[in-house]
Amino acid sequence: MKKIAANRHTGIRDVEENATGLNLTKNDISKIDRPTGYNLDSFETDSFETDSFETDSFETPINKQEREEHSNVFRDNNYKETVLNKKNNRIYKGALNNNKQGSTDALVRLSFQLMTRAEPANMVIDTIKSLLAIKADDDEILIVDNNNTQTSLYEPLAQFCASLDASCNVHFYHIDAVAGFKAGALNLALGLMDPECSHVVVVDSDYQALPQARMSIAKAIERYPDHALLQFPQFYRDAGKADVHSELNHYFNHHLYRSFNRQRALSTGTYAVIRRRALLAMGGWSGASITEDAQMGVLMHGRGLRTRFIPEVIATGLLPTTLHDLMSQRRRWIYGNMQVLNTYFSTVSNSSAPSSSRSKRLNERLAYMGAHVSQLSAWVNFTGIFIVLQLLTLLIITGALLFSTSLNIHALLAPLYAVYASYAIFLGRRLWAYMQDKAPLNQQTDHGVAPSLGSRLRAWALHLNFWELGALSWWPVLWGQKKPFICTPKQALVRTRKSVYVANLMAMPKVLLMLNITTAIIVSPFSLLYSPLLFGCAIVVCILKIWAAKVMLVNYGYEKRSVTNKAVTVKNTFAKNLSHSRIVRLNEKKSFEDDNTVNF
């Protein structure tokens with residue numbers, strides 16, 4: 001077993017209390033060992049690994065005072081100037097003052113939880129700094145680095161956390177492997193968090209909090225005290241990718257913003273504010289889907305718990321750095337949401353909802369079902385069967401032409417009319433949705449300026465790049481195929497113009513473009529099967545796909561940049577004081593794709 005140091009000495013009683021009843025994965029911490037009778041001066045100072053006494057029982061629990069005494073007390077003389085330099089800004093000062101005033105409310109204590117895996121350390125550190133600038137004094141920040149054995153990737157982050165003053169209440173943990181995808185890591189964090197915190201705030205490692213974030217969260221909790229989940233929107237801060245922002249923000253500006261979905265919101269992950277007691281009562285996070293956030297929302301509604309979307313931008317994140325990663329991210333969202341839909345009725349029927357939930361009127365149940373389907377299918381379209389029909393029709397027509405059969409070849413064109421009718425319905429519905437999108441959330445960050453007609457059309461065009469993904473990538477769910485959770489890399493790579501161009505061409509979906517080019521040739525004016533209607537439809541689809549690709553390439557084109565993932569340096573005093581860190585004894589395991597869970 002491998003011994004990893006972290007900068008928090010967690011009380012064993014707290015961990016045991018939090019872990020009770022959780023759906024912990026089999027690789028989660030089943031015990032956290034505390035070295036007894038150790039000498040602070042006897043620890044190695046050049047490595048994170050050290051020896052500790054192994055115990056098999058939860059004996060001699062550490063109380064809160066002892067935990068604070070064993071926490072790191074490292075002080076950086078330039079801390080206030082470097083880590084909290086945003087305090088010099090008047091906006092930040094105002095937000096901080098309001099946060100401190102609100103911290104007297106003992107009912108609201110937040111645990112900001114970051115799950116990281118091989119993330120750029122400087123990016124995560126910037127996120128932690130943004131949280132330090134807005135958190136209340138009694139809030140905690142919990143970082144769990146998981147499924148990553150490369151010490152060079154997490155040691156700089158561990159060193160930064162250890163260098164902070166204990167009063168910052170920042171706690172870093174590392175575990176080599178945890179099953180259950182991100183849900184397993186979140187369950188681990190749920191067991192490690194301070195039990196006095198009332199709410200969990202899930203934070204993606206690249207999402208930097210805006211000055212008003214803590215105050216907005218507290219106000220939302222005060223306004224909706226009986227809600228188990230309050231979901232804030234995801235927004236992005238990348239330069240030069242406005243069309244991608246608009247396409248992604250469409251989900252929050254249009255789907256979730258509607259009152260129909262707003263009061264029945266499913267979680268979308270980052271900046272989900274969850275009442276700790278409700279999460280514990282549910283047994284923690286479910287690992288049944290690779291979109292654990294949406295799965296949790298459905299389970300909450302099945303138990304009669306209330307959720308709500310809060311339409312206020314309080315944090316901004318980063319897009320995937322490459323087009324390939326953007327496509328992979330969308331495939332994961334589509335696949336995970338369809339996993340939830342595939343087991344939807346069994347999940348709802350097996351949920352232990354209270355009697356008041358069972359007695360709901362039929363129309364209310366249908367309203368929840370409609371909201372769930374609306375949100376879970378936002379990235380999905382059902383033209384896949386017609387794409388396959390178009391492919392089969394073209395193969396049959398090509399075979400008939402090559403082998404000069406006696407079939408009525410013109411009759412073989414009939415399925416193509418149904419194909420293009422379905423395409424027209426899909427394109428029309430999506431165009432109408434984007435035209436109706438007034439982008440109310442964007443106006444919070446764009447000085448109240450509504451999006452222009454051109455920007456809406458470009459967002460719609462960019463969305464068409466995901467047409468094939470939404471149509472086909474969820475099909476393996478139907479026959480039970482499982483896919484691993486794939487983290488979206490955030491490393492900014494230095495690449496040449498040629499390599500970017502080639503990579504983008506490889507990543508771009510091309511199935512529909514190839515099918516419609518072939519169709520246009522077969523039904524062209526120079527063909528015996530000439531059909532003006534089918535020829536026009538094929539040309540229109542080709543033009544739309546080429547336009548969509550052009551919009552995407554403008555957003556994900558070549559950018560001249562330097563390496564941004566610089567090493568994070570920490571003062572040498574860290575090594576000398578590392579002995580104050582607590583020791584977490586974790587099982588070392590190489591596989592990161594195990595999704596089996598064990599219910600404790």
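In the predicted model, Leu110 stands opposite His199 of strand β5, a pairing that belongs to the contact between β2 and β5, where five bridges join two strands that run parallel. His199 also has a bridge partner in β8, namely Arg275, and the pairing of β5 with strand β8 (residues 272-275) is antiparallel and extends over four bridges. Strands of a sheet pair through backbone hydrogen bonds, in either the parallel or the antiparallel sense.

Strand β5 (residues 199-203) is largely enclosed by the rest of the structure, because five of its five residues are buried, that is, each has under 20% relative accessible area. In a regular strand the side chains alternate between the two faces of the sheet. Both faces of β5 are covered, with His199, Val201 and Val203 buried on one side and Val200 and Val202 buried on the other.

On the other pairing of β2, strand β2 (residues 110-116) and strand β3 (residues 140-146) are joined in the parallel sense over six bridges, and within this pairing Leu114 has Ile143 of β3 as its bridge partner. These strands are part of an open sheet of seven strands, arranged in the order β4-β3-β2-β5-β8-β7-β9 with mixed pairing. The edges of the sheet are formed by β4 (170-175) and β9 (306-309), each of which pairs on one side only. When direction is ignored, neighbouring strands of the sheet are turned by 20 degrees against each other on average.

According to the unreviewed UniProt entry, the annotation "transmembrane region" covers residues 378-403, 409-428, 500-523 and 529-548. For two of these spans the geometry of the model can be described as follows. The end C-alpha atoms of residues 409-428 lie 30 Å apart, and this span is 75% helix and 0% strand. For residues 500-523, the end C-alpha atoms are 35 Å apart, with 83% of the span in helix and 0% in strand.

How values were computed
Residues numbered from 1 in each chain as written. Predicted model: local features only at pLDDT ≥ 70, side-chain atom pairs only at ≥ 80, totals over all residues. Heavy atoms only, no water. UniProt positions renumbered as here; feature names shortened; annotations may be inferred. Pairing = 2+ DSSP bridges. Axes fitted to C-alpha atoms, helices over the stretch in contact; angles between N-to-C directions. Buried < 20%, exposed > 50% of the residue type's maximum accessible area, 1.4 Å probe, protein only.
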